[in-house]
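Student: Please take one part of this model and go through it closely. I would like the cut-off behind each term as it comes up.

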Amino acid sequence: GEKLAPLAERLARLGLVRDWDFVLHLPLRYEDETRITPISELRYGQTCQVEATVVSSHLRQGASMQLIAQVADSSGTLQLRFIHFYPSQRKLLGPGQLVRCYGLVRQSFNGLPEMVHPKVKACTGTSTELSKTLTPVYPAGEGITQTWLRKRIDRAILDVDLVDLVPPSFLEPFALPSLAQSIRELHHPAPGADFDAYAERRTPAWRRLKFDELLAQQIALRHGRSIRAPCRWPAPRRADCAKSSLPLFPSS
């Protein structure tokens, strides 16, 4: 394929240049790999993780070559479909392999529950341990892996000074956490965190970031109005216009 642009250039396209850019590069979504769902309990439209043994796998020729595999646990059978795949994935899905599959469940043409392009990993050694927290998934460019991004973001969090510029008196009426706490929780949800609340961005940490965005917008609006305040003739009233005080949160 084509040679990738330098890493710094690819990161800059995502707006990732300074440490603060990485700190504020918030997850696009989360994956719940903290539990295993029996295949018989899968529901269409849900994103789940199963642990099962590969029963069969084969290539199917159509408009394009597809990799089709069937995996099974003690409760049922699940079909996996890959329209684009690598030789390593075909090897991973060899019959008899114990694997974990994470993806969106849908109904296949043959009536089985199916995952299309799920995340698949072998269950061997230490990889059999389940994640203890929700896994953040970030916007990423070509050739930039989630593992690399997570490590780079963690390093940036350690390097920046998470000073909170918003006075506590502004936060207390809304029961909002500090900026440092919010940033750390969004990148590293606590064990047992509510997946739906994080996915729907309604946790206190998400609300704090939304509050900061709205506050910054109001400050920008106030500044813009102060330098563009309309002036009327006669000329002597211009001085009065320049001295006008605008509220922090305008009513209109």
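Tutor: Helix 8, residues 204-227, contributes 7 residues to the lining of the second largest pocket, the most of any element. Helices are DSSP runs of H or I with at least four residues, strands are runs of E with at least two, and both are numbered from the N terminus. The model is predicted, so local features need pLDDT of at least 70 and side-chain atom pairs count only at pLDDT 80 or more, while totals for chains, interfaces and linings use all residues. Residue numbers start from 1 along each chain as its sequence is written, and side-chain values use heavy atoms, leaving out hydrogens and water.

The pocket search runs on a 1 Å grid over the protein atoms alone: a pocket is an open set of points with protein on both sides within 12 Å along at least five of seven lines, whereas a cavity is a set where a 1.4 Å probe fits but cannot get out. Lining residues have an atom within 4 Å of a point. The second largest pocket has a volume of about 360 Å³, a volume being the space filled by probe spheres set on the points, which are joined across faces, edges and corners. Of its 15 lining residues, Leu-24, Leu-179, Asp-212, Glu-213 and Ala-216 lie nearest the centre. By class, this lining has 11 nonpolar residues, 4 charged and no polar ones. Nonpolar covers Ala, Val, Leu, Ile, Met, Phe, Trp, Tyr, Cys and Pro; charged covers Asp, Glu, Lys and Arg; the others, including Gly, count as polar.

Now the geometry of the helix. Its 24 residues, at 1.5 Å a residue, should span 34 Å, and the end C-alpha atoms of helix 8 are 35 Å apart, which agrees. The expected span is 1.5 Å times one less than the number of residues.

Asp-212, one of the residues nearest the pocket centre, is also among the buried residues of helix 8. Buried means under 20% relative accessible area, exposed over 50%, and partly exposed in between, with a 1.4 Å probe and protein chains only. These buried residues pack against strand 1, helix 5 (168-171), helix 6 (179-187) and helix 7 (195-199), where contact means heavy atoms within 4.5 Å.

For reference, the largest pocket has a volume of about 600 Å³. Its lining has 12 nonpolar, 6 polar and 5 charged residues.
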